[in-house]
Amino acid sequence: MATLSAPRIVSSRSEFADSFTLSRYLATGGYVALRKALTMFPEDVASEVDQASLLGRGGAGFPAGRKWSMLRKSPVSYLVVNGDESEPATFKDHYLVERDPHQLVEGVIIAAYALQVSQAFIFMRGEFALGLERVQQAVNDAYEHGALGPKIFGSNFSLDIVVHPGAGAYICGEETSLIEALEGKRGFPRIKPPFFPAVTGLYGEPTVVNNVETMSNLPWIVNNGGAAFAALGAGRSTGTRLFALAGRVNRPGVYEVEMVKNTFRDLIYDPAFGGGVIDDKSIRAIIPGGVSAPWFGPELLDLPLGQDEVAEKGSMLGSGSIVVMDETTCVVRAAWRITKFFSRESCGQCTPCREGSGWIERAMYRIEHGGGRMEDIDLLLDLCDNIAPGLTWPPQQTTICVLGPSIPSSVHSAIQMFRDDFVEHVEHGGCPHD
Amino acid sequence: MTHFRIDIRQRAEELLALYPRSRSAMLPLLHLAQEQDGYLSDEGIAEVAQLTGTTAADVRGTAAFYDMFHLEPVGKYVVGVCTNIACLLAGGEEMLEHASSTLGCAVGSTSPDGLFTLEETECLADCNIAPVVQVNHRYVRTTTPEAFDQLIDDLRAGKLEHDVPSHGTLIRVRRSGGLHASRAEIAAERLEAREAREARTPKETK
Amino acid sequence: MTDVARTSVSISVNGRSFDAKAGELLIEAAERSGTYIPRFCYHPRMEPVGVCRMCLVEVEGPRGATLQPACYIKVAEGMSVVTDSEKVKKAQDGVLEFLLANHPLDCPICDKGGECPLQDQTLAHGSGETRFVEEKRHFVKPISIGELVLLDRERCIQCSRCTRFASEVAGEAQIAFSGRGDLIEVAPSPTQPFDSVFSGNTVQICPVGALTAKPYRFSARPWDLDQVESTCTTCAVGCRVAVQSSGNRLTRVLGVDSDPVNHGWLCDKGRFTLDSIDGNESSSDPLSAATRIKEPLVRRDGVLSPVSWGVALAEAARLLERASHQPGGVGAIGGAALTNEGAFAWQRLVRDVLHSENIDAQYGDGLDAALIQALPRATIDEAANARTLVTLCGDLREELPVLFLRLRENVVRQHNSIVELSFGASALRSVATVSLAVRAGEAHVVAQALGRSGGGVPQGAAFSEDDLLAARRLIGESGEGVVFVVGRANLAERAPVIESAVRYLAERFPDAKFLPALRRSNVVGALDMGLSPQLRPGRGFDPGSTGRDCAQQLAALSDGSQRALLLLGGCLLGNVLDVVQASAALERADVVVVTGHGGATLAYADVVLPAAVQHERTGTVTNIEGRVTSVVPKIVAPGSAWPDVAIAAELAELLGQSLGLDSIEMAAKAIEESTGYPALSVLNDATDGVVVGRHSPSTTPRPLDPMANPGIRSVESAGLGALSGATTTTHASSAPSPASATLELVGAGRGVEVPLVDAYSLRLNLSRRLYDQGIAVQGSAALANLTARAVLHLNHFDLDRLGVVTGDLVTMNAARGAVRLPVELDDSVPRGCVEVPFGSLDESGVDVVRPVLDAGAVVTSVRLESR
Ligand SMILES: Cc1cc2nc3c(=O)[nH]c(=O)nc-3n(C[C@H](O)[C@H](O)[C@H](O)COP(=O)(O)O)c2cc1C
Ligand code: SF4
Ligand code: FES
């Protein structure tokens, strides 16, 4: 059974209908952490975060404290918050920006203070019209309240936050692509090196990019101390985390769960969370961390929800999205639809991703919709191999950014786990489920 | 003489003031241009090019990278139906087909009355209420064919003008935040903070 | 510990160790060591982007060997690289297969077929059969994206070379990627065509047949092409080119990567003017620029009629001889289109045979030739790398386009500064650090303001004190590390205004160098060969000369003190400011014209001698920086046209004196031996040329990579001058150089009086445009309809004052009449000024501007009326 003793760190205001307003925020302990942080030395705030061992919640799971320490010294530097959330079936940031925008804003101010940055941007997915409004309102309120702008709360620290709308492009979640979009360009990811925007980012200046959820954890960490955060979870995976549960479950939704202490099975079946599979069907496969992640079969359901635990089994917790596919699911169709997504969202700048995603999608389409050939199955694997050589995890890549090697994950998983389904599709001349 | 209406132009100038470099205002400005014209007209593009110090080809090419920008006129309501993985598992494809027949237009085109444009979208990050439908980027949370038809009737009847404003996602909240602190003051502040910090970190002894 | 900057690092490629230059790209280092890594998007003259992924190689790193793009990563000490493993091969084959997936494979009907890097790669490495059975991506087949360029999006491999060239090199993103994923396409704006003057470069560097040039389309197959390496003489930059022909027909000109000069780029005028040379078979009207003069003509009963060479030469000799009896009775104008050898021969004819000092290669539209010789000359490289570059000239993109590209580097790559003294629209403005607006008649005042250490903005000047101070700071006290680019920005302002500014700057900043922005083909070579009253071959100087320059000769012809005029080139009327005065002078004179092209000037010719032109003759030419390079004929001149040297030699013979210059080689040898000016040695060896009077370090030209230069034949190809091998800089002889010009000895630029302009008038700025009334444009069907339109450019203050908006018609009242022209808003024009393109045409194709102007004024003022 699931461990429910952990505090709610980022979803604590979920029972209030007006959770997004300044009055509710102030009534529930809002901006206390910021006032506290402002009495601390910036480096001490940073070291709390370092102690918390807060792993980035955007997908790559890089420790925030370490990222911050890489910020190159420069007269100007920037903090950019990644609220682009477009990884399919991931909807936890959406929840945070609509339901608790002040928590995000306070987190950003705390981070900016710790980093001694005086200009921050919150990049929000353009399709979050309401989220944009709520966060902008929260920013406006924060200025009114003295929590933003010159000399915050009378301290010697000033900060401006600009809320920047995206315009519909998944790739802009990739941090360098996001920076390009913030510079007003096409969202082409930048080639590495430099590997970290903390060295060269927005306008060529050092820039820290962190996820919305990562930022939203900061008020709690400042209030309760990094050690309290690190005491939750286990190993490298500390604290709690929001999981977006979707697919064939009875209660899809966003759930805050203590890391490692719970398993995939807990999340899917516990009545407090997913409440089981629809019509009690059996699970064929789950996608453990967004569609970029390789799939797991039901035999891995008892794996704890921890970053390293999942990595050891050849996948990732990624963006915190878990999709459940049951007996009624056509895995070929699912893999095809995911490839279609990548093909539509490839930025188009590098060859293997641009051409490979389209090719794989079209071949998958034929298998699913009729016209598939037996040789297509191995052709697909070889095309995947040409994007992510060796088809290992973590992947190698022939592409500029890691969208490329995300393309093979589902196709490779599906063929590996359900080759018979593919054979059946080819023999049947299309999807037998239709 | 500008193509932007006075109020839009004024908001455009406010936006430009938010950013250290004018090109950075590209996406919000394009949202504004679309808010005014319903799509990105040549004139709107030219004005954005002028405001951001770029060329029309560059603005157009940039806009065409992003799904939310329309380079051709679209209906008053852009209806997006998600068919990505979570919605696929919840009947997104069927919902899209239904929408197409209700609206009387193929996916990617505009209904005969010119009111609706139907799009198949990628994941809209609201997967717990799947299949997800958005109208002008507002979540309408209709997951059944009947609810969808009701929604369309309501839109047609003008009952949802408040919940679903026409184009423009930046429309309701004034974007007044940003660049309030003076650059010079901040530079002095940062310098002071750094000196203070250096003073309290003991120099490493060789 | 002190850090010694390393200049080389040791790396290993496929187990072989060697030294590479620190900071160099792996792809370059590997190539020099003999390992060629395949590539598509990489171009040596642009920033690497690493997008095509063709150049993936295995690089040993902390996490084992990973695939890295060799075009993007820089060598580092101890780097270990493998380019031939199974893994690399699979990755590269995979990329190639992906590139071909949506490629239409329509090679048989593609202009690039036969010289296509994608085709070559596929033949070399491709698997032979395709695994791609899906429907290919479809686009409408070639669409016109500009006046000169077609785009076939199906063939595009998204390498972004063209779009990067447009934004990174040319600085104008008229084409850009549009869309996303595999629907990404190169696109112009529907409202603004791709009309960059550099559009042809995108065609040249496209590694497939996606971009093709309209003039070249379907005109030849690569295997039929024959090629020579030469120098473009369309303007005075002197870009190196590969000239290709099929049979005796010019088919294509491609830019060759000359390290000191053009980096492989060309402007569209030089690239596409080919049909002005060989393309106009149809026209035979000698008054049309589209006509090649193929046989000698003599005026009989008022009509120019074909005659034999013997008859024409005899008639020419008779006219010139008769006039030469009268002191100063004969003179020559023109010669900028000649080779150095031709110019040398003609000046010998005028000075030694006709005993006249009346000689001028400029049409009164340049700067004093002796003053230019007296300035410490900068090379293009020095200007592109100058700590501070100061421009005191017109819009270089319109005047010397490839020089503009090179100077843009000064800011974009070197991060140095540009101070722009700006007269009107200018493409360098967007990258200039400081821009000081200069109105007609003010250049010398502004120069003096720059030179003073104290004191503020001159009264009435159109710039701020902050800008002036910033400019002063950037220039510094002595001008060390500063290069001034100086030219005639405004043809409606007389030369002494700029000349006195230039003199002042040269005296005030003794450590600065100067690059003259003279624009007409080999004008610098012609002046160096003495085609100017005070100059002598080999940059010699005779301050005592009393010969007449162009304007003085025209005046002397009008008043009868000069009787005959030898025109070296047939474009006098297209170039002088005062057409009325020039026509009257020609009317009275005996006129002998040596020219390859027809034109309006021939209406006054008594004898026309047909000459070979660009791409038809051998010799050397000198560019603005004083670099001497060779020109090589690719086709035979039409009809019975002769090389200039031969015409001069024959004419001298008939006038009773032998020049002893019976061949180009003899002329080149004579130049070298009598003056020490490089000619014969350059004719025979150096490809990148030799800068006169300087010992530059020998450069190792870049190896010829077909991917960097698609379409340019390899070194072995017929007729191509050696591209490898060091350039020599030795002067062939130690002959005494003639006395040279110095600022003290030269008279030009001493004082100038500018009359006041009344408050109701505007100062006129007649600025150059690339597409003007010259033969290169008017003689070319491909370029003629690009000719600049006559439009009045005004800033918004003056537009408001007149109460008009862009597009409205306005009457311009000038000294000799009024014209009605449309206005256009242009805030780069200083207040109180109006800018009009020189050599522009109105709606009906008529030059209406020049006839109403008074060329005598120091500054020209006009009044505008909106009625
Ligand atoms: C294709 C792609 C899409 C991504 N999308 C997102 C996203 O939507 N939101 C996000 O926070 N991070 C996203 N990331 C990860 C970011 O690049 C970056 O690692 C993250 O924003 C850093 O924040 P964190 O350290 O707080 O996790 C994406 C990465 C890739 C490669
Ligand atoms: S891998 Fe795909 S998304 Fe990433 S840079 Fe290459 S084309 Fe763009
Ligand atoms: S990625 Fe290196 S040549 Fe294209």
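1. B:Asp58 and B:Arg23 are both buried. In this predicted model, their side chains meet in a salt bridge, with an N to O distance of 2.9 Å. The pair links distant parts of the chain, the two residues being 35 residues apart. B:Asp58 belongs to helix α4 (residues 56-63) of chain B, whereas B:Arg23 sits in the loop between α1 (6-18) and α2 (26-37) of that chain.

2. Over all chains, the count of salt bridges comes to 97.

3. A further pair within chain A deserves attention. The side chains of A:Glu127 and A:Arg125 form a salt bridge at 3.0 Å, N to O. A:Glu127 has a relative accessibility of 8%, and since buried means under 20%, A:Glu127 counts as buried. A:Arg125 is likewise buried, with a relative accessible area of 5%.

4. The next pair concerns chains A and C. A:Asp382 forms a salt bridge with C:Lys90, and the closest N and O atoms are 3.0 Å apart. This pair crosses between chains: A:Asp382 is in helix α16 of chain A, and C:Lys90 is in helix α2 (residues 86-101) of chain C.

5. The surroundings of ligand 1 comprise 18 residues, of which the closest are A:Gly58, A:Lys67, A:Asn210, A:Asn211 and A:Thr214. By class, this shell holds four nonpolar, eight polar and six charged residues. Strand β4 (residues 207-211) of chain A supplies the largest share of the shell, namely three residues.

6. Specific polar distances can be given for ligand 1. An oxygen atom of ligand 1 is 2.8 Å from an N or O atom in the side chain of A:Lys67. A polar backbone atom of A:Glu175 is 3.0 Å from an oxygen atom of ligand 1. How much of the accessible area of ligand 1 does the protein cover? On its own, ligand 1 has 600 Å² of accessible area, and the protein covers 91% of this.

7. Ligand 2 is surrounded by 13 residues, with A:Cys347, A:Cys350, A:Cys353, A:Thr399 and A:Cys401 as the closest. The shell around ligand 2 divides into eight nonpolar and five polar residues, with no charged residue.

8. Two cis peptide bonds in chain A should be noted. The bond from A:Lys192 to A:Pro193 is cis, with omega near -5 degrees, and A:Pro193 is placed in the loop between α8 (175-182) and β4 of chain A. A:Trp393 and A:Pro394 are also joined by a cis peptide bond, with omega about -5 degrees. A:Pro394 is found in the loop between α16 (374-387) and α17 (407-428) of chain A. For context, most residues other than glycine have a negative phi, and most peptide bonds are trans.

9. A:Tyr31 is not a glycine, yet has a positive phi of about 65 degrees. This residue, A:Tyr31, is found in the loop between α1 (22-27) and α2 (32-39) of chain A and counts as buried at 1% relative accessibility. In chain B, phi of B:Ala125 is near 60 degrees, a positive value in a residue other than glycine. B:Ala125 lies in the loop between β2 (116-121) and β3 (133-135) of chain B, and B:Ala125 is buried, with a relative accessible area of 0%.

10. What are the bounds of domain 1 and domain 2 in chain B? Domain 1 spans 6-63 and domain 2 spans 77-156. The C-alpha centres of domain 1 and domain 2 of chain B lie 29 Å apart.

How values were computed
Residues are numbered from 1 along each chain as its sequence is written. Chains are lettered from A and ligands numbered from 1 in the order in which they are written. This is a predicted model: local features need pLDDT of at least 70, side-chain atom pairs count only at pLDDT 80 or more; totals for chains, interfaces and linings use all residues. Side-chain values use heavy atoms; hydrogens and water are left out. Domain bounds come from an automatic or database domain assignment. A residue is near a molecule or strand if one of its heavy atoms lies within 4 Å of it. A polar contact is a pair of N or O atoms within 3.5 Å; within protein, one must be able to donate a hydrogen and the other to accept it, and residues adjacent in sequence count only if both atoms are side-chain atoms. Accessible areas come from the Shrake-Rupley method with a 1.4 Å probe; for residues, only the protein chains shown count as cover. Helices (H or I, at least four residues) and strands (E, at least two) are DSSP runs, numbered from the N terminus. Ala, Val, Leu, Ile, Met, Phe, Trp, Tyr, Cys and Pro count as nonpolar, Asp, Glu, Lys and Arg as charged, and the others, Gly among them, as polar. Buried means under 20% relative accessible area, exposed over 50%, partly exposed in between (1.4 Å probe, protein chains only). A salt bridge is a side-chain nitrogen of Lys or Arg within 4 Å of a carboxyl oxygen of Asp or Glu.
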